[in-house]
Amino acid sequence: MKRPALPSVPLPAPLRSKQAKIVGIGLFVVFLYALPILDLPIITTPDSDFGGVLYTMATYVLVALGLNIVIGYAGLLDLGYVGFYAIGAYVTAVLGVQHGNWPYLLTIPVAVAVTMISGVILGAPTLRVRGDYLAIVTLGFGEIIRLAAKNSDWLGGARGIQNVPKPPSVHLFDVPHLKWENGTVLIDVTNKTQAFVFGFIDYVPYYWMALTVVFIVLIADVLIKSSRVGRAWEATREDEDVAEVMGVPTFRYKLLAFAMGAFVGGLSGAISAAGANFIYPDSYQITVSIIFVAAIVIGGQGNRWGVMLGAALVVYLPERFRGLEEYRILMFGIALMLLATFRPQGLLPPRVTRRAKKLEREIEDLETGDEPQEVTS
Amino acid sequence: MSTDETSHQATESTGGVMLEVDHVTLRFGGVTALDDVSFEIREGEILGLIGPNGAGKTTCFNVTTGVYRPTRGEVRFRGRSLSRMKRFQITRLGIARTFQNIRLFKTMTALDNVMVGGDTHSSVGILNALFRTPRQRREEDENHRRALELLDFVGIGKRADELAANLSYGDQRRLEIARAMATNPKLLCLDEPAAGFNPAEKQRLMELIRKVRDQGYTVLLIEHDMRLVMGVTDRIVVLEFGRKIAEGSPAEIRDDPAVIAAYLGTDEEDAS
Amino acid sequence: MHALALNFDFLFSNFSQLTITGLALGAVYAMVALGYTMVYGVLQLINFAHSEVFMYGTFATLWTIYFLGGTQHTSGFALARMFAIAMVIAMIVSGLVALLLERVAYRPLLKRNSPQLMALISAIGASFVLSESMGLRDNLTRWIGLNDNLSRYVSGARDTRGLPMDIETHKLFPVFNYQVTNIDVIVIVCALLMMLLLDQFVRRSRLGRGIRAVAQDPESAALMGVNSTRVVQLTFLLGGLMAGAAATLYMLRIGATRFDAGFILGVKAFTAAVMGGIGNLRGALVGGLVLGVAENWGSALVGTQWKDVVAFVLLVVILLFRPTGILGESLGKARV
């Protein structure tokens with residue numbers, strides 16, 4: 001087996017310990033929450049509200065986690081994921097303002113449940129058909145959802161639903177943003193985020209909410225994937241017939257993957273509705289499904305970190321480099337073609353990273369004279 | 001035809017009938033792949049299924065393991081008909097198999113491959129996994145432990161963390177066996193397990209198969225290598241053109257004129 | 001939701017019209033479906049970007065009419081001649097786009113033995129590149145400074161562009177209470193003729209045999225001296241030619257097109273291919289006609305805004321109850 005290139009500077013022992021890792025992760029998490037406040041010069045998007053961009057990024061990262069279960073883990077090509085996203089948003093809107101007066105937080109469980117049920121209804125008949133067909137059928141599903149919303153007055157028709165409910169606000173403290181001027185950092189007291197007020201202008205609290213949900217779903221993802229459920233999904237994706245022979249009830253697990261994907265999709269739709277003042281059917285076009293798929297493919301399907309990165313890039317890059325807005329979809333198309341041909345495994349391929357890191361560590365241990373933990377040849 | 005000292009002494013199989021192939025006929029379109037084939041597999045024995053190329057061994061094997069449904073006739077496992085069962089239910093019932101052309105889960109480690117087999121009888125669902133209930137943790141540890149044991153048993157314990165795709169050919173074949181065993185079967189069906197092995201490896205494989213039987217499994221075996229079949233099986237069923245032409249102990253089969261004729265006089269191991 | 005009343009009255013009183021125009025519509029679907037079904041039969045691949053091959057054909061038709069000086073006064077024989085020329089041009093253009101697609105989006109992946117999913121991703125990417133290129137043609141031509149000269153062709157890049165003339169329909173003969181028009185006849189007859197030609201070509205010619213051989217068993221075909229790359233190219237080309245012809249007939253009926261007009265039609269054509277039995281050429285014909293008629297009947301029953309949904313629903317239903325399609329699959333045998 002090929003050994004990876006030797007690292008040039010092995011890390012000193014303290015930095016490799018488990019505690020160091022936890023502290024590092026903790027700092028990174030705090031950094032993520034602080035990102036809109038820090039207003040860093042190169043990273044912040046010049047023309048659009050960075051808080052809003054981060055909020056959209058977090059929502060898309062959530063979508064990617066869900067779609068990764070369907071495409072990456074279970075190997076089911078779903079080209080209509082925007083349908084679940086739309087259902088989640090619409091249930092929140094319908095319960096919250098269109099045909100009810102529910103508080104935002106109560107709409108979330110219902111949104112998720114309805115989406116999951118629709119996922120099962122869609123999956124039960126269609127997961128039995130061949131994989132290629134699934135792609136087209138899911139595409140049709142996404143479109144049917146959009147058309148149904150557009151043609152139905154009960155759901156607001158083509159205009160959609162206005163005044164979608166917001167999460168409850170509680171004003172605890174204020175967080176001033178930083179301002180960077182001529183290389184010095186100032187605290188800008190005129191630019192404050194009110195924590196935790198969910199208003200119409202400042203998107204930072206929405207970002208924080210979405211980010212928190214991302215972390216919760218991420219933990220759940222890790223727990224589920226490292227159990228027999230994750231193994232069953234992988235086996236099904238690898239070789240469905242053999243998995244069946246090895247005792248995996250493949251249809252049930254495919255349906256489970258679909259349902260879990262729908263769950264997260266509906267959740268992200270509901271989260272996205274919070275900050276949107278109104279929702280309308282044509283914002284849930286097929287193009288959006290394709291962008292979701294692009295995020296998965298770019299990041300490396302099956303790898304949760306990769307797809308999160310892919311989703312973040314898919315939102316961030318067009319916002320950061322605003323002038324090319326019109327060419328966004330064209331560039332996606334080119335990116336997909338190039339990736340499919342030259343780097344099908346995506347930016348962060350699934351298993352190689354873990355094993356390569358392990359080997360690197362062993363080589364370091366050998367170099368520094370520490371006892372290797374275990375010889376795996 | 002050599003008689004070797006290591007040839008297996010036919011032992012009385014311990015128990016009753018485990019699996020019955022009952023007048024099975026299988027037609028694909030216009031071709032009759034199996035024609036009224038009947039035989040049984042007894043508990044604790046190693047049964048060999050042989051025949052010249054095109055005899056229908058693989059088809060018969062697939063019917064026996066529930067992959068194909070017979071056009072006529074029935075396969076019964078401990079009295080229960082396999083006809084209406086889903087494939088994963090057949091595995092849960094106790095029939096496991098390997099694949100001649102090695103179909104491992106390539107991007108998973110050897111350990112994970114075996115653990116997938118070990119999940120067969122698990123009743124743990126997604127909620128258990130999510131909340132890491134005591135039962136889930138216990139079953140997971142148990143599965144992990146048993147998987148490592150099985151990998152050691154077949155001789156690839158050191159390679160547990162390797163990707164299946166990176167294993168050597170011989171190790172991949174062993175992994176196939178370990179994975180099938182992990183489903184806790186009563187009947188283990190091996191599809192040409194020695195294909196591509198050199199004589200030394202075949203010898204090791206024969207020992208492994210005997211070890212497997214000694215652990216309490218019943219084994220069904222398709223093989224082209226006559227020496228291996230004669231050396232390790234208790235009984236042999238011979239097919240030709242989809243029909244059973246002989247059944248008996250290795251010694252009986254060796255001298256059976258119909259069998260000799262079917263193979264056109266070659267009853268040594270042949271390169272398939 | 002408004003009461004989903006099924007409007008049977010409307011359906012029955014206009015049955016003849018709905019059916020005949022449905023057949024014309026279906027004939028167009030069928031011709032495009034042929035491209036999908038052939039590529040799937042030979043490569044087991046959904047050519048997602050075939051819809052853009054069609055779309056380019058519609059623009060080729062439109063621009064040829066412009067170029068030949070069509071105005072709202074053009075009619076009669078002059079108009080017919082323009083359309084005939086336009087059809088030839090459209091077929092050539094669509095054929096070329098199809099060949100380009102094969103060369104750039106599929107062949108590199110087939111050479112690398114990439115997994116199916118990646119080929120589909122590449123196809124999706126190509127589809128967007130093609131449609132967005134059309135939709136950004138004003139910007140793209142601006143970069144090379146040509147947009148003034150070509151302004152008639154490239155302006156309104158994201159709008160619907162229509163023919164300069166209204167196509168006059170002449171009523172020819174009645175079927176029950178509907179007067180069949182010349183356009184209906186031209187579309188249906190043209191489509192059937194071309195499909196018959198294709199059918200004969202695949203069945204009788206040497207090249208057609210090559211296609212069927214590669215579809216059945218690429219390795220044996222290679223051993224028999226069949227150049228599979230050429231066969232794949234030919235398959236794409238034939239699909240493109242059909243799509244180009246369909247595009248002109250479409251322009252004859254509908255009279256307008258957009259940069260994203262390919263998409264919906266593509267999904268419907270693919271539905272038709274699956275319905276008829278994927279890989280089966282005659283199936284594509286049957287599937288297309290059935291879909292066209294069903295769509296018309298459906299939109300009569302539940303309202304035109306649900307027209308597109310009919311196709312999707314039909315697809316799901318067929319896949320559930322008869323996954324091999326109406327005429328049965330001929331996977332691996334681009335059967336006739």
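Glu240(B) lies in strand E9 of chain B, residues 235-240; helices (H or I, at least four residues) and strands (E, at least two) are DSSP runs, numbered from the N terminus. Glu240(B) and Pro52(B) are 188 residues apart in sequence, yet their C-alpha atoms are 6.6 Å apart in space. Leaving out residues up to four places away in sequence, Glu240(B) touches Pro52(B), Ala55(B), Ile245(B) and Ala262(B), where contact means heavy atoms within 4.5 Å.

This is a predicted model, in which local features need pLDDT of at least 70, side-chain atom pairs count only at pLDDT 80 or more, and totals for chains, interfaces and linings use all residues. Residues are numbered from 1 along each chain as its sequence is written, chains are lettered from A and ligands numbered from 1 in the order in which they are written, and side-chain values use heavy atoms, with hydrogens and water left out.

Chain B also meets chain A. The contact takes 37 residues from chain B and 33 residues from chain A. The area buried between these two chains is about 3100 Å², with 56% given by carbon and sulfur atoms; buried area is the accessible area (1.4 Å probe) that two parts lose on being put together, summed over both. In chain B, Phe88(B), Phe105(B) and Ile126(B) lose the most area to chain A, together 19% of what that side buries.

Side chains of opposite charge can pair when their charged atoms come close. Across the interface of chain B and chain A there are three salt bridges, each a side-chain nitrogen of Lys or Arg within 4 Å of a carboxyl oxygen of Asp or Glu. Arg231(A) forms a salt bridge with Glu140(B), with the closest N and O atoms 3.1 Å apart. Another salt bridge joins Arg103(B) to Asp239(A) at 3.0 Å, N to O. That pair crosses between chains: Arg103(B) is in the loop between strand E6 (95-97) and H3 of chain B, and Asp239(A) is in the loop between helix H8 (228-238) and helix H9 (240-245) of chain A. Over all chains, the structure holds 37 salt bridges.

Chain C makes its own interface with chain A. Here 46 residues of chain C are in contact with 39 residues of chain A. The two chains bury about 3700 Å² between them, 78% of it on carbon and sulfur atoms. The count of salt bridges between chain C and chain A is zero. The elements that give two or more residues to the side of chain C that touches chain A are helix H4 (76-111), helix H5 (116-135), helix H6 (137-143), helix H12 (261-276) and helix H14 (307-321) of chain C. The largest share, twelve residues, comes from H5(C). By class, this side of chain C has 35 nonpolar, seven polar and four charged residues; Ala, Val, Leu, Ile, Met, Phe, Trp, Tyr, Cys and Pro count as nonpolar, Asp, Glu, Lys and Arg as charged, and the others, Gly among them, as polar.

H4(C) can be followed along its length. After H4(C) comes Asn113(C), whose phi is positive, near 60°.
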